[in-house]
Amino acid sequence: MKKYINILCVLILALMLADIIVDLFFTQSAPISMKSPDDFSLGSVLLLLLLCLVMLGGVFMAFVYFIRFILNVNRNQVFTAKNVSLLRKYGVCALIVGVSFIIFSATIITGNSLVDALLDGIDTLGEGFFALLMGEIFSIGLKLEEEKKAAV
């Protein structure tokens, strides 16, 4: 059972990495044109740099939280408050990365509408909301496990 979970987790990590690479380098089927660096003021360049740092930090922390969650599951610590917290943190990081990427895409690429930018980051947002949903499900499972122990 653990081997199967580990294989699935490695596949999820590989898909997360592939999703990030595809979102960053292969955004649309049509050729894209980027805005000239001269179009941005110093303040907007600094904000875009900060946005990129937030996005990279979110990606790194999402990987860390997911791997820590998997290590806990391998130790047979499934329905714990720590795992609920890790899933919620992972979900928030994924949402931060998705929103950051949508803002970055809408700002840098010319001729890119808000709908196109949303399409570029919608899968990351979906991943974040799914992780938050899983965190809530694990929280309910934890409460049910505690009630069962209290009843016995």
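Which residue forms a salt bridge with Glu-136, and how far apart are the closest N and O atoms? Arg-88 does, with those atoms 2.8 Å apart. Everything in these views comes from a predicted model, where local features need pLDDT of at least 70 and side-chain atom pairs count only at pLDDT 80 or more, while totals for chains, interfaces and linings use all residues. Residues are numbered from 1 along each chain as its sequence is written, and side-chain values use heavy atoms, with hydrogens and water left out.

**View 1. The whole chain, to get our bearings.**
The protein chain has 4 helices and 2 strands, in the order α-β-α-α-β-α along the sequence. Helices here are DSSP runs of H or I with at least four residues, strands are runs of E with at least two, and numbering starts from the N terminus. Of the 152 residues, 33% are buried; buried means under 20% relative accessible area, exposed over 50%, and partly exposed in between (1.4 Å probe, protein chains only). Among contacts between residues at least 6 apart in sequence, 80% join residues at least 24 apart, a contact being heavy atoms within 4.5 Å. The chain exposes about 9600 Å², with carbon and sulfur atoms supplying 74% of that area (Shrake-Rupley method, 1.4 Å probe; for residues, only the protein chains shown count as cover).

**View 2. The salt bridge between Arg-88 and Glu-136.**
A search of the whole structure finds 1 salt bridge, defined as a side-chain nitrogen of Lys or Arg within 4 Å of a carboxyl oxygen of Asp or Glu. The pair links distant parts of the chain, with Arg-88 in helix H3 and Glu-136 in helix H4, 48 residues apart. Arg-88 counts as partly exposed because its relative accessibility is 32%. Glu-136, at 39%, is likewise partly exposed.

Take a look at Val-54 in helix H2: its relative accessibility is 37%, so Val-54 counts as partly exposed.

**View 3. The largest pocket.**
This pocket has a volume of about 500 Å³. Of its 21 lining residues, those closest to the centre are Cys-9, Ile-12, Phe-66, Phe-69 and Ile-70. Helix H1 (2-25), H2, H3 and helix H4 (114-151) each supply at least two lining residues, and H1 gives the most, with 7. A pocket is an open set of points on a 1 Å grid over the protein atoms alone, where a 1.4 Å probe fits, with protein on both sides within 12 Å along at least five of seven lines; lining residues have an atom within 4 Å of a point. Its volume is the space filled by probe spheres set on the points, which are joined across faces, edges and corners.

**View 4. Leu-125 and its contacts.**
Leu-125 sits in helix H4 and counts as buried because its relative accessibility is 13%. Leaving aside neighbours within four places in sequence, Leu-125 is in contact with Leu-95, Gly-98, Val-99 and Ile-102. Leu-125 and Val-97 are 28 residues apart in sequence and 8.0 Å apart in space, C-alpha to C-alpha.
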